[in-house]
Each structure stands twice: as structure tokens, then as C-alpha cells.
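Subject: Structure for you to look at

Hi,

Here is the structure I promised to pass on. Have a look at it first, and then read my notes below.

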Amino acid sequence: MQRRHFLSLLGAPAGAAALATLGGCGFELRQGYAMAFRTLQLTGFTANSPLATELARALEASGVQVTESTLQAVRAASSVMVPSSHIELNALTDKRETLVSAKTAFGQVRTITARTTLRFQVKRSDGSILIPASDVVLARDLSYNERDALAKQDESAALNRALQNDIVGQVMRRLAAIRPDQLVAPAEPALPRSSFSAASAGDVASAAAGDTASGATR
């Protein structure tokens with residue numbers, strides 16, 4: 001809605017030129033990814049996690065339905081069994097930190113570091129691991145001045161949102177790399193055949209018979 005309003009104010013040709021300019025300046029319009037799965041469950045995130053919220057939005061923009069449970073995924077697929085197109089993204093760590101990274105000789109804060117950490121794994125619908133535990137850690141430094149504390153607080157919030165968006169982008173690219181054939185767990189390798197052959201079984205039987213005969217003689 002905002003994009004259409006922006007274009008209407010500039011006019012179609014001017015609006016297109018403005019969007020092209022924004023693209024050249026590093027501004028990237030959100031585009032969906034082609035995903036091999038159709039439903040995804042987010043688990044393990046902290047309560048009211050802004051990262052989980054942003055990730056859910058990006059997934060829905062890519063045509064993926066974010067479910068609250070496997071049962072909901074089953075109902076969404078109208079199937080009595082969990083569909084092979086369902087996966088679970090489990091957050092093992094979901095953390096945002098603001099750390100003091102530099103001080104003056106008088107103990108005044110001069111640089112703070114914003115850090116966002118996500119450690120996650122992806123499971124198939126049967127619970128098997130599709131993507132092993134992976135870490136995405138991003139950090140950015142921000143100069144600090146006590147006289148501009150309020151402005152720096154706003155700047156820090158904007159920096160954290162930028163880190164969050166970068167992490168969401170990295171996770172989405174990893175999810176987009178999943179192939180349809182990977183959604184089904186590979187078959188377990190067949191157990192090696194026993195070297196205990198029929199001939200060996202015959203030898204054992206003969207030995208047992210001999211022991212029995214010896215016992216009878218005694």
C-alpha cells in the first residue's frame with residue numbers, strides 16, 4: 001500500500017526511476033524465495049521474539065504457512081499424516097545484547113556493541129535433522145556520548161533491527177537451498193549380512209551332537 005502511494009505521488013515514470021535509484025543505493029525491496037516446503041513450525045524462540053516475528057513475515061512472503069504445531073500443519077495439508085513438505089525450525093539460542101566495548105580513561109562509555117545471536121537447527125516432519133545446529137552471529141559497533149543518550153538509544157534500536165533483518169536474510173537463503181528430495185529422511189543403511197554361514201551352522205550342530213554322544217557314553 002505504501003509503495004503504490006509512493007509511486008502515485010511521483011508518477012509512474014518518476015516512481016520507477018526512484019525505485020531504481022534506491023536499489024542502486026543498497027535499498028532492496030523484499031522479495032520472496034522459492035521454498036521446497038509449504039509449512040514450517042517455529043520453536044524454541046524467546047517469548048515475543050522480534051526475530052521470530054520478522055522471520056515469520058519473510059516466510060509468509062515466500063508463500064510458506066507458519067504453523068504453531070505439527071497438528072496444525074497436518075490440518076493445513078488435509079492429510080492424516082504429517083506431510084513431507086513440513087519442517088521445523090528450532091531456535092537453540094535467540095539472544096540480543098548491547099555491550100560496552102570501549103571506555104575513556106575516566107570510565108566514560110565511548111563505544112557500544114550491538115550483537116544478535118541465533119543458533120538454530122532444522123528438522124524434517126519425522127523429527128530427523130535436516131540442517132544441523134548452525135550459528136549466525138552479527139555485531140556492529142556504535143559510538144556513544146552521554147550528552148546524546150536519547151538519540152543514541154534510538155540509533156541502537158535501529159542498528160538492532162538492521163542486524164535482525166540481516167540474520168533473517170541469511171536464514172531465508174539457507175532455507176531456500178533445501179531441495180525437495182532432502183525433505184524425506186534417507187533410508188537407513190542395510191545391516192551387513194552375518195558371516196555365520198549354513199556350513200558353520202552345520203559344524204556347530206555336529207559338534208553339539210558329538211558332545212551329546214560323549215555324555216551318553218560316559
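Let's start with Asn48, which sits in the loop between E1 and H3. A quick word on those labels: helices (H or I, at least four residues) and strands (E, at least two) are DSSP runs, numbered from the N terminus. Asn48 is not a glycine, yet it has a positive phi of about 55 degrees. Its relative accessible area is 78%, so Asn48 is exposed. For that word, the cut-offs are as follows: buried is under 20% relative accessible area, exposed is over 50%, and partly exposed is in between (1.4 Å probe, protein chains only).

Before you go further, please keep in mind that this is a predicted model, where local features need pLDDT of at least 70 and side-chain atom pairs count only at pLDDT 80 or more, while totals for chains, interfaces and linings use all residues. Residues are numbered from 1 along each chain as its sequence is written, and side-chain values use heavy atoms, with hydrogens and water left out.

Now the sheet. In what order do the 5 strands of the open sheet come? The order is E2-E1-E3-E4-E5, and the pairing is mixed. Two strands count as paired if DSSP finds at least two bridges between them. At the edges are strand E2 (65–67) and strand E5 (129–143), each of which pairs on one side only. On average, neighbouring strands in this sheet are turned by 25 degrees against each other, direction ignored. Thr43 has Asn90 as its bridge partner in E3.

Helix H3 (residues 50–61) lies across E1, E2, E3 and E4, and runs at about 175 degrees to E1. Axes here are lines fitted to C-alpha atoms, for helices over the stretch in contact, and angles run from 0 to 180 degrees between N-to-C directions. Thr53 is in helix H3, and at 39% relative accessibility Thr53 is partly exposed. Thr53 and Leu42 are 11 residues apart along the chain, and their C-alpha atoms are separated by 9.8 Å.

Next, salt bridges. How many salt bridges does the structure hold? There are 6, where a salt bridge is a side-chain nitrogen of Lys or Arg within 4 Å of a carboxyl oxygen of Asp or Glu. Here are some of them:

- Arg96 and Asp94 meet through their side chains at 2.9 Å, N to O. Arg96 is partly exposed at 32%, whereas Asp94 is buried at 9%.
- Glu97 and Arg115 form another, at 3.9 Å, N to O. This pair links distant parts of the chain, with Glu97 in strand E3 (residues 86–103) and Arg115 in strand E4 (residues 109–124), 18 residues apart. Glu97 is partly exposed at 22% relative accessibility, and Arg115 is partly exposed at 30%.
- Asp181 and Arg179 meet at 3.2 Å, N to O. Arg179 is partly exposed, with 44% relative accessibility.

You'll find Asn160 in helix H5 (residues 149–176). Leaving out residues up to four places away in sequence, Asn160 touches Thr98, Ala114 and Thr116, and contact means heavy atoms within 4.5 Å.

Cheers
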